[in-house]
Amino acid sequence: RMTPFPLAPRTARMVVEAADRFGDVVDEVLMVASWMSGRRPFRFPQGEEREARAAQRAFAHPLGDAATAVTVVRAYYNASDKTSFCERNYLDPDTMMFLTHAHEQLRDVARGLDIEIKRGGKLGSVVRCVAAGYADQILVADGRLFVGPGGIACAVHPASSLFKVPVRYIVATDILVLKRPYATNCSALKPEWIAEVNPDLA
């Protein structure tokens with residue numbers, strides 16, 4: 001069931017995990033998949049960086065970036081005036097429109113596969129689906145860094161909602177190598193969640 005989704009295989013895998021095991025967050029996982037398919041919508045206009053970061057922090061969820069993405073997309077859908085919502089929260093309106101169009105496209109694909117689109121479950125279940133798709137990118141804290149399979153050590157990227165947040169385990173959907181490796185799109189994991197998808201790390 002992964003092939004019909006216009007997604008990277010690991011991203012499609014987390015959608016199938018939701019359909020098979022966490023049916024009450026299928027829609028939220030599709031939101032996360034659409035978020036991952038585009039660029040981040042947060043804007044940081046020159047001279048307004050402090051206000052923009054405060055707006056971003058207001059959306060931040062303690063479970064990390066997947067849960068934060070759901071929070072942002074839900075709020076956007078619920079906004080009666082989406083233009084004002086984007087301006088007030090330093091969100092790029094074109095990116096938000098792309099994300100919601102991508103979300104609707106993924107919902108159509110899921111319906112074509114007879115996947116029921118349910119929503120409203122626990123955001124922890126969303127993170128567990130991300131971990132299932134990206135089980136090979138589960139990282140363990142080692143001092144200020146995180147270490148994953150192969151011994152690569154990386155820091156949480158400053159743009160992540162988990163930047164400087166003390167957590168033991170994370171799953172990162174991307175490892176970005178600049179002057180140093182950074183984990184991006186990070187979500188916090190509980191040990192029992194890891195045991196389901198990568199027992200060697202639990």
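At what angle do the axes of helix H1 (residues 9-21) and helix H2 (residues 26-36) cross, and within what distance do they come? In this predicted model, the two axes cross at roughly 170° and come within 9 Å. Angles over 145 degrees count as roughly antiparallel, and H1 and H2 are therefore roughly antiparallel to each other. The points below cover this helix contact, the aromatic pairs, and the charges placed over rings.

**Contact of H1 with H2**
- On the H1 side, the residues in contact are Thr-11, Met-14, Val-15, Ala-18 and Ala-19.
- On the H2 side, they are met by Val-26, Val-29, Leu-30, Val-32, Ala-33 and Met-36.
- By class, this contact has 10 nonpolar residues and 1 polar residue, with no charged residues.

**Aromatic pairs**
- The count of aromatic pairs comes to 3.
- One of them joins Phe-59 and Phe-85 in an edge-to-face arrangement, with 6.2 Å from centre to centre and 65° between the planes.
- This pair links distant parts of the chain, since Phe-59 belongs to helix H3 (residues 49-59) and Phe-85 to helix H5 (residues 82-88), 26 residues apart.
- Phe-59 and Phe-85 are both buried.
- Together with Tyr-76, Phe-59 and Phe-85 form one aromatic cluster.

**Charges over rings**
- Tyr-76, a member of that cluster, has the charged end of Lys-82 over its ring, 5.5 Å from the ring centre.
- Arg-53 lies over the face of Phe-44, at 4.6 Å from the centre of the ring.

Definitions and conventions:
Residues are numbered from 1 along each chain as its sequence is written. This is a predicted model: local features need pLDDT of at least 70, side-chain atom pairs count only at pLDDT 80 or more; totals for chains, interfaces and linings use all residues. Side-chain values use heavy atoms; hydrogens and water are left out. Axes are lines fitted to C-alpha atoms, for helices over the stretch in contact, and angles run from 0 to 180 degrees between N-to-C directions. Helices (H or I, at least four residues) and strands (E, at least two) are DSSP runs, numbered from the N terminus. Angles under 35 degrees count as roughly parallel, over 145 as roughly antiparallel, 65 to 115 as roughly perpendicular and the rest as oblique. Contact means heavy atoms within 4.5 Å. Ala, Val, Leu, Ile, Met, Phe, Trp, Tyr, Cys and Pro count as nonpolar, Asp, Glu, Lys and Arg as charged, and the others, Gly among them, as polar. Rings of Phe, Tyr and Trp (its six-membered ring) pair if their centres lie within 6.5 Å; planes under 30 degrees apart count as stacked, over 60 as edge-to-face and the rest as tilted. Buried means under 20% relative accessible area, exposed over 50%, partly exposed in between (1.4 Å probe, protein chains only). A charge sits over a ring if NZ of Lys or CZ of Arg is within 6 Å of the ring centre and within 35 degrees of the ring normal.
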